[in-house]
Every structure is written in structure tokens, then in C-alpha cells.
Amino acid sequence: RRTVVLPVRIPVRRSAHASSFAVDSADHPTPRRRIGRAAGSGPLIPPGITAILPGMSPWIGRTATEIAAAVQDGKVSPVTVVAEHLDRIAELDPQLHAFQTVRADRALAEAQELSQRSDLAELPLAGVPIAIKDNLAVAGEPKVFGSAATSREPSPADHEVVRRVRAAGAIVVGLTTLPELGIFGTTETV
């Protein structure tokens, strides 16, 4: 596996999907795989090459499978992975407004607890940072459904989906915004 550091200016073309971009170069024949998710930061890279965009850490843009395997094998700590993702959220969210709540302190504490578990190598999502939509309960966090009219009381327990991903070793880094009450096609931060 080779690691390629991409230059700041990446020639890209917009694909059929509004937020998908492809490297516009004869050096990158198909099939290609996507890294990153923000519009313009997700070039397609040939299989077998890991791309690191300028300013990104080695764990940003990795798949859940790659992160979990590295954590299971002891190549990286869950705390390191979560911290790098939280740094990236802090860098981009002021412009994107994608998160309703970022659980920085709690996520790092959960990652630390996870790193001490004896069954770490058997957890399928070991150390994988995930975001939960604001319409699912996360214990200790308010579930506001993207609305200013809903309660800000913390949820007493995790939704079943959240409980299961946590049991599999994932770390909830935050809750993402959604259209008010989940009924509109656009989102404004409340």
C-alpha cells in the first residue's frame, strides 16, 4: 500500500452526484475509491493508495474497517483516532454547521475507556468515531429533532441503534443537524 500526499490544488470535476468529485487526470484510471465526504475534498483515488489531503491527519478519510482493524491490532489508540476526528470537526463545522452537538470531552473519555477493554480486538467497530442524527436518543444529550420548540432535557438512555453501535466499539462524537422535526428537505441550524 502506498501513501500519496495530494497537492493543495487538485484538478477535479463534478460528477452526477452533487457532492461527489473525481480526480480529473489520466493517471487515475477507474476503478477508484472515495476518501473524505465534504464537497470538493473527496477525490477518487485508485485502489491500494491511501491519500492524505494537506492538513489532514493519517486517520481522517479512512474507512470504518481500516480504523477498526488498526485499533484492534494496537496500531493506533481509539483516543488518537477520536481526537483527530474531533479536531477536524472543530476545523470545519464553523463553516458547515453539520453538528447540533459535539461531544468532545465525553467522546474522548469514552475512547479512553474503550482502550482499556480486554475484548478490544473482538469489537467490529473498535474506536470508529460516528455521528448520530439528532432524532435518535444519545444518553446524556438532548434530542431536539432540529427544532427550537422541543425540550432540551438530556435523554435518559441510548436509542437501540446507538446502544448497538456503542456495544460494537464505536464512539459517538456528536449529534448532527437535521431538518426541523425531520419533515423538510433543507436544514437551518437552530
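A polar contact is a pair of N or O atoms within 3.5 Å, of which, inside a protein, one must be able to donate a hydrogen and the other to accept it. I write this down before anything else, and I also note that what I am reading is a predicted model.

**Entry 1: Glu66 and Thr63.** With that definition in hand I looked up Glu66, and I found that a polar atom of its side chain lies 3.0 Å from the backbone nitrogen of Thr63. Glu66 itself has its place in helix α1. Is Glu66 buried or exposed? I had to look at the cut-off here: buried means under 20% relative accessible area, and Glu66 counts as buried because its relative accessibility is 16%.

**Entry 2: the rest of helix α1.** I then went through the helix, which covers residues 64-72, and listed Ile67, Ala68, Ala70 and Val71 as buried along with Glu66. I reminded myself that an α-helix has 3.6 residues a turn, so residues three or four places apart point the same way. Just after α1 I came to Gly74, and I wrote down its positive phi of about 75°.

**Entry 3: a charge over a ring.** I next asked which residue lies over the face of Trp59. The residue I found there is Arg62, at 4.7 Å from the ring centre. I also looked for pairs of aromatic rings, with centres within 6.5 Å as the rule, and the count came to zero.

**Entry 4: Asp119.** I found Asp119 in the loop between α3 (104-115) and β8 (129-133). The side chain of Asp119 is joined to that of Arg117 by a polar contact of 2.8 Å. I also checked Asp119 against Gln72, which is 47 residues away along the chain, and the C-alpha atoms of the two are separated by 9.1 Å.

**Entry 5: a surface patch.** On the surface I noted a nonpolar patch formed by Leu181, Ile183 and Phe184, which together have about 330 Å² of accessible area. When I looked up where Phe184 belongs, I found it in the segment after β9 (171-176).

**Entry 6: the whole protein.** Last, I stepped back and asked how many helices and strands there are in the protein. I counted four helices and nine strands, and along the sequence they follow the pattern β-β-β-β-β-β-α-α-β-α-β-α-β. Of the 190 residues in the protein, I recorded 39% as buried.

Conventions
Residues are numbered from 1 along each chain as its sequence is written. This is a predicted model: local features need pLDDT of at least 70, side-chain atom pairs count only at pLDDT 80 or more; totals for chains, interfaces and linings use all residues. Side-chain values use heavy atoms; hydrogens and water are left out. Rings of Phe, Tyr and Trp (its six-membered ring) pair if their centres lie within 6.5 Å; planes under 30 degrees apart count as stacked, over 60 as edge-to-face and the rest as tilted. A charge sits over a ring if NZ of Lys or CZ of Arg is within 6 Å of the ring centre and within 35 degrees of the ring normal. Patches are made of residues with over 30% relative accessible area and no salt bridge: like charges are joined within 9 Å, nonpolar side chains (Val, Leu, Ile, Met, Phe, Trp, Tyr) within 5 Å. Accessible areas come from the Shrake-Rupley method with a 1.4 Å probe; for residues, only the protein chains shown count as cover. A salt bridge is a side-chain nitrogen of Lys or Arg within 4 Å of a carboxyl oxygen of Asp or Glu. Helices (H or I, at least four residues) and strands (E, at least two) are DSSP runs, numbered from the N terminus. Buried means under 20% relative accessible area, exposed over 50%, partly exposed in between (1.4 Å probe, protein chains only).
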